[in-house]
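My notes follow in the order I made them.

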Amino acid sequence: MSDYHRIDRDHIWHPFTPMRGQDSPVLIEKAKGTYLYTEKGDKILDAVSSWWVSIHGHGNEHIAKAVAQQALDMEHVIFAGFTHKPAIQLAKNVLSILPENQQKVFFSDNGSTSVEVALKMAFQFWHNQGIERKKVIAIDGAYHGDTFGSMSVGERGSFNIPFEPFLFDVEFIPLPNEENWEGVKAQFSDLIASGNVASFIFEPLVQGSAGMRMYKAEHLQELVSVAQSNDVICIADEVMTGFGRTGKMFSTDHIESNPDIFCLSKGLTGGTMPMGLTTASSKIVSAFDTDDIYKTFFHGHSYTGNPIACAAANASFELITKPEFQENLDRINEQHRTFMEEIESHSKIKNVRLQGTIIALELDLGTTSYMNKSRNRIYGFFMDKGILMRPLGNVIYILPPSIISNEELESIYGGIRELLETI
Ligand SMILES: Cc1ncc(COP(=O)(O)O)c(C=O)c1O
C-alpha cells in the first residue's frame, strides 16, 4: 500500500463509503474529456459524469480558463452588502433559460443546500403572510440531498434511519404510472384539499438516486396543475435533471406549467466548482419584498455567490447555449434508443428506461436493494474494463458527458452485453 493510500485509509472519510470491506479508492491524477487517469497510467471511461456533474467532460479548457482568470481577478468577496459582475451575469444567464415567472436567484453551495433553501423559502412564504400552511408533499423514492430538510422530503430508507426521529413529517405519494395513476391523482387531490399544504417538491420526470425511475410528463403536468390551482408552491428539484440531462434544457420544459421554485446544481458549473442555485418566481419574491425586517430571508453561507464558481457557471452557460450542445444530447439519445431496442427483450433485463441522455437498465437479480452484493460485483466488472459505472441496486445506468463519442458509448454497451451473458 502506498503512503498516499495509507493516509487516505487512516484519515479520509469518504462519502457513502463503509469504513470496512471496501477496496482502496482509486487514486486519480488527471481527468480529461471523458476519461479519468489513474496514478498507474490506466484510463477509466467516466460513464456517470462523476456523480452526474461533468456535462462537458473533464478539464474543459473554456471553463478552466474562465476559472483561472477569475481566481486572479477576485477569488471571493462577502455577498451581503457587496455584489460582483460574475454573479450578476450568472443571474441574467440562468433567468434567460428558465421560465418567465422566475425573478430572483439565491446562491448556495450544492444540490442539498439548493433544496434546503427552496423548502425554507416555501415555508417562509406562508409564514410572512400569516397563513398557516405546514405540510409538504413529496414522491416516494425521492432523493433531494443529505441535509435535514432535504432528507425529510426524501425516501425514508436505510441511509437515513439514524436521523428519522429528527426529520419533519412529509406526505408521500407513489410515483405515478399507468396502473396507479387514478389512485395517485385522487390521493394527491385529497391531500391538497386538506388545506394545510405549503409545497410540493419533485424530481421532474426522473428520480435519479431511486434508480433512474421515470414517470410521464403528462402525470407531472396534472399534479402541478392541481397544486398550483390550490396555491401550493411547486418546487422543481432540477439538481440532476437540469442543463440538458433529459433532452431539453430543463426537465420541466417537458411540461407546460411553470414551477414556482427551481433547485439547480451539478451541471451548473460544468462539474468544475461546487455551487447551488435556488430561483424564485415573482410570486414567491413578493412575500419577502416588504419593509418588515422580520420577513427577511435569514439564510446564507460563507461562500454564497463565490465569483470563481460563478465564472465557471457562466463559461458553462456559453457552452450549453451553443447548437453543438443540443446536437450532442440528441445524438446520445439516438444511440441509447438503438441500444435499448436491441437489449430490452434480453432475459436478464426487467426493464429499460430512457430519457434524454440517461439510459437505465433494471436487471433481474432477484433483489433490488442498494446494499446487495451484486452491485459491488457489477461495479468491479466494469472497473476491470476501464469503465466507471455505479449501479443503483439492480439498476445500471449510463449518464454520460455530452462530449462522449459514439465509439465510447458503443464500448459501454459492449460491456453491458458481456455483463448480461455472465450474470
Ligand atoms: C435530485 C437531487 N437533488 C439533490 C441532490 C443533492 O445534491 P448534492 O449531492 O450536491 O448535495 C441530488 C444528488 O444526487 C439529486 O440527485
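I take the expected span of a helix as 1.5 Å times one less than its number of residues. Helices (H or I, at least four residues) and strands (E, at least two) are DSSP runs, numbered from the N terminus.

I note that this is a predicted model, where local features need pLDDT of at least 70, side-chain atom pairs count only at pLDDT 80 or more, and totals for chains, interfaces and linings use all residues. Residues are numbered from 1 along each chain as its sequence is written, and side-chain values use heavy atoms, with hydrogens and water left out.

**Helix 3**

I checked the span of helix 3. Next I looked up burial (buried is under 20% relative accessible area, exposed over 50%, partly exposed in between; 1.4 Å probe, protein chains only). Ile63, Val67 and Gln70 are buried in helix 3. Down the axis they fall within an arc of 70°, so they line one face of the helix. The arc is taken from the directions from the helix axis to the C-beta atoms. I recall that an α-helix has 3.6 residues a turn, so residues three or four places apart point the same way. Glu61, Lys65, Leu72 and Asp73 are exposed on the other side of helix 3. The buried residues of helix 3 pack against helix 4 and helix 10. Contact here means heavy atoms within 4.5 Å.

**Helix 4**

I ran the span check on helix 4 (residues 85–97). Its 13 residues should span 18 Å at 1.5 Å a residue; the end C-alpha atoms lie 19 Å apart, which agrees. I listed its buried residues: Pro86, Ala87, Leu90, Ala91, Asn93, Val94 and Ile97. They cover an arc of only 170° around the axis, which puts them on the same side of helix 4. On the other side, Lys85, Lys92 and Ser96 are exposed. What do the buried residues of helix 4 pack against? I found helix 3 (61–73), strand 4 (102–108), strand 11, strand 12 (276–281) and helix 10 (307–320).

I moved to strand 10 (residues 233–237), where 5 of its 5 residues are buried. Ile233, Ile235 and Asp237 point one way, Cys234 and Ala236 the other. I count two strands as paired if DSSP finds at least two bridges between them. Strand 7 (residues 197–202) runs parallel to strand 10, joined by 4 bridges. Phe200 stands opposite Cys234 there. Strand 11 (residues 261–264) also pairs with strand 10 in the parallel sense, over 3 bridges. In that pair, Ile235 stands opposite Ile261.

I then picked Ser199, in strand 7. Is Ser199 buried or exposed? Ser199 counts as buried, at 1% relative accessibility. Beyond neighbours within four places in sequence, its contacts include Lys135, Ile233 and Ile235.

**Domains**

I noted two domains, domain 1 (3–59 + 323–422) and domain 2 (63–320). The bounds come from an automatic or database domain assignment. Their C-alpha centres lie 26 Å apart. I found 27 residues of domain 1 in contact with 27 residues of domain 2. The two domains bury about 2300 Å² between them, 67% of it on carbon and sulfur atoms. Trp52, His56 and Gln355 supply 27% of the area that domain 1 buries against domain 2, more than any other three residues. Buried area is the accessible area (1.4 Å probe) that two parts lose on being put together, summed over both.
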